[in-house]
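Here is a short report for a reader new to this structure.

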Amino acid sequence: MTEFFKGIPHIRYEGPDSINEFAFRHYNPDEVVAGKRMAEHLRFAVAYWHSFAWPGGDPFGGQTFERPWFGDTIALAKMKADVAFEMFDILQAPFFCFHDADIRPEGADFAENTRNLQEIVEYIGEKMAGSQTKLLWGTANLFSNRRFMAGAATNPDPEVFAWSAATVKTCMDATAKLGGQNYVLWGGREGYETLLNTDLSRETEQMGRFLSMVVEYKHKIGFKGAILIEPKPQEPSKHQYDYDVATVYGFLRRFGLENEVKVNIEQGHAILAGHSFEHEIALANSLGIFGSIDMNRNDYQSGWDTDQFPDSVPEMARAYYEILRAGGFETGGTNFDAKLRRQSLDAEDLILAHVGAMDVCARALKSAAALLNDGRLETNRAARYADWDTPENRAMLTSDLASIEARVRSEGINPQPRSGRQERLENLWNRFV
Ligand code: XUL
Ligand code: CO
């Protein structure tokens, strides 16, 4: 045991009436909801970077957190892993996620980075052997170091492309070794600051080839997990190429990868792109590329990615409703890509942030499942489109404009507007959340 979480009890389900802060009120892993254990529906993951690597800085000030494992040595990286696995155990977290740079010390060159990564992956592998926590996904940090300031795969300098490709190979190896269920690519610097110095055609071609190489390598090593792209419209780049789900789908089609790559949708990124979270999930589902979610919220006034823990059951219920309609997660899960506020210094804050977030998601899941089970929303939706199910109407979709014109004339078609019943449906929705 390390000292960090000393005195903090294991978190157990105690039910909605419990006044114990260190207990779940709604997340009951073994409770069956819509035919599956809650733990299997939600597939919660802790994000290594925010919880254990982030120092608490903001644009106006540096580190606020003082963690005994901060520093670039193997011994400290091992202490960080010890603390991380203690937290996973306290929370009964089913999964975690990491970037290479979160878990290993930064080396002087590529060879040292790889050695460090391998040593820590070995150590984490041993810890996982004695833990219930599995790896949801691994990824490479191709955005923090200054070498990536003009992008990774999209960099004008081919040496950065080479470094990035080599790094992703080592991170895919690490993810496969730890039994990861997905591999994620988030291209925070894959975009531009100004078009005045950017060759957009070259950069997107480079990015397409890079992604194809990732898919080829996945098959080469027999990695069974999903490759996921995480869309975000901007921040840190002024414009990012993986803007949103629709843009990513277009990109995948352009490079013939739409059956190979799915999306990891983050709530805050959806908001930054001017969408709701549920829109992005529903669209990904309809395109057959829904993979996983990063669960955090943005502050709606700030206009940037504040990565806060979720606190709104109604918002989350919309998201889980779409996830349930999509048939639930396969390899994906609910990754808390969320960080504490920089004044939340205590070890308790880290635990309670996750406890609250897990409870919010559990309540939302239960509401969404009850709504789906009630069935009225779906009956109404189906009824709204029912006229499309007649043979004559369906035939229009394989017809042509002239034939349809003839039909409108001969049948005297004269459509009458019908209510969309939005408020009635909102009233129904609100009875469940
Ligand atoms: C950044 C972000 C990343 C990705 C993984 O906004 O969400 O942490 O989830 O690189
Ligand atoms: Co994210």
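## A serine in a helix

Ser-367 lies in helix H12, which spans residues 347-374. The model is a predicted one. Is Ser-367 buried or exposed? Its relative accessibility is 10%. Buried means under 20%. Ser-367 therefore counts as buried.

What does Ser-367 touch, once residues up to four places away in sequence are set aside? The partners are Ala-317, Phe-432 and Val-433.

## An alanine in a strand

Ala-226 belongs to strand S10, made of residues 226-229. Ala-226 is buried too, because its relative accessible area is 14%, and the cut-off for buried is under 20%.

Neighbours within four places in sequence are again left aside here.

Ala-226 and Val-261 stand 35 residues apart in sequence. In space, their C-alpha atoms are 6.9 Å apart.

## Two helices side by side

Helix H10 covers residues 277-287, and helix H11 covers residues 313-325. Their axes come within 8 Å. They cross at roughly 10 degrees. Angles under 35 degrees count as roughly parallel, so H10 and H11 are roughly parallel to each other.

Which residues meet where H10 contacts H11? From H10 come Phe-277, Glu-278, Ile-281, Ala-282 and Asn-285. From H11 come Arg-318, Ala-319, Glu-322, Ile-323 and Arg-325. By class, this contact has 5 nonpolar, 4 charged and 1 polar residues.

## The whole chain

Now the overall picture. The protein chain has 16 helices and 14 strands. Its radius of gyration is 24 Å. The globule rule gives 22 Å for 433 residues. The two values are close, so the chain is as compact as a globular protein of that length. Along the principal axes, the C-alpha atoms fill a box of roughly 80 × 60 × 45 Å.

How much of the chain is buried? Buried residues make up 50% of the 433. The accessible surface of the chain comes to about 20600 Å². Carbon and sulfur atoms account for 51% of that surface.

Contacts can also be sorted by distance along the sequence.

Key: Residues numbered from 1 in each chain as written. Chains lettered and ligands numbered in written order. Predicted model: local features only at pLDDT ≥ 70, side-chain atom pairs only at ≥ 80, totals over all residues. Heavy atoms only, no water. Axes fitted to C-alpha atoms, helices over the stretch in contact; angles between N-to-C directions. Helix = DSSP H or I, 4+ residues; strand = E, 2+ residues; numbered from the N terminus. Parallel < 35°, antiparallel > 145°, perpendicular 65-115°, else oblique. Contact = heavy atoms within 4.5 Å. Nonpolar A, V, L, I, M, F, W, Y, C, P; charged D, E, K, R; others polar. Rg over C-alpha atoms; globule rule 2.2 N^0.38 Å. Buried < 20%, exposed > 50% of the residue type's maximum accessible area, 1.4 Å probe, protein only. Areas by Shrake-Rupley, 256 points an atom, 1.4 Å probe, with all protein chains shown as cover.
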